[in-house]
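Colleague: I'm new to this one. Could you walk me through how to read it?

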Amino acid sequence: MPCIKLEPLGITINVSAKNRLWRSLKHAKVDMPATCGGQGTCGTCALRVFEGGSNLSAMQTLEQVTLKNIRKDLSLYRLTCQASVLKDGVVFYLDNKADKKLAQIFARLKNRLAPRNIYHPLTGELLVQEGKLITQETLERLLSDC
Ligand code: FES
C-alpha cells in the first residue's frame, strides 16, 4: 500500500493504489472539497504535486480539460478524484492561498499535538513547534494571512 505525504503539515497517509486518491483521503478523514461529487468536472479537489508526480496514474483527457478550465498548471496539479497513487514518494503541498484546504485541515487538527514543526506556507513563519498543541489562535493567524 503506497503512502503519500501532505506538506507543510508533514502528515503521511497510506492510500490504496486501487482507489482514486480522493477516496483514500476521505477514508483518512481528510475531506477534500468535491463540488461535482468526484466526477472530474469541477476542479475543487485539485492538489498541487510537490514531488513524485510520476508515481501517480496517467492523466486522462477529462482531468486535463478540467484543470485547464480552472486555470491550473497541468504539470503541477492533479485532481484527487481522478488520480491514483501507484507508488510511494508522492508529496502534495496544501496551498491555502488557493483554496484554504490547509485551514480546513488545521481546523481538524486543532487541539492535537503537532507531528512536527509546522510553518506558514506563504511566510515561512513557524506556527507550531513539534509536540506543541495546535490551537485556535494558530488557526486564526493562518486564516488572517490568507
Ligand atoms: S471532485 Fe470535482 S473534479 Fe474532483
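Modeller: Helices (H or I, at least four residues) and strands (E, at least two) are DSSP runs, numbered from the N terminus. This is a predicted model, where local features need pLDDT of at least 70, side-chain atom pairs count only at pLDDT 80 or more, and totals for chains, interfaces and linings use all residues. Residues are numbered from 1 along each chain as its sequence is written.

Colleague: Which residue in β2 is the bridge partner of Leu6?

Modeller: Ile11 is. β1 (residues 3–7) and β2 (residues 11–14) are antiparallel, with 4 bridges. Their hairpin has 3 residues between the strands, and Gly10 there has a positive phi near 70°.

Colleague: And what does Leu6 pair with in β5?

Modeller: Phe92. β5 (residues 90–93) runs parallel to β1, again through 4 bridges.

Colleague: Where is Arg71 found, and is Arg71 buried or exposed?

Modeller: Most residues other than glycine have a negative phi. Arg71, not a glycine, has a positive phi of about 60°. Arg71 sits in the loop between α2 (61–69) and β4 (77–79), and is exposed because 8 other C-beta atoms lie within 10 Å.

Note on methods. Buried ≥ 20, exposed ≤ 12 C-beta atoms within 10 Å, placed from the backbone. Pairing = 2+ DSSP bridges.
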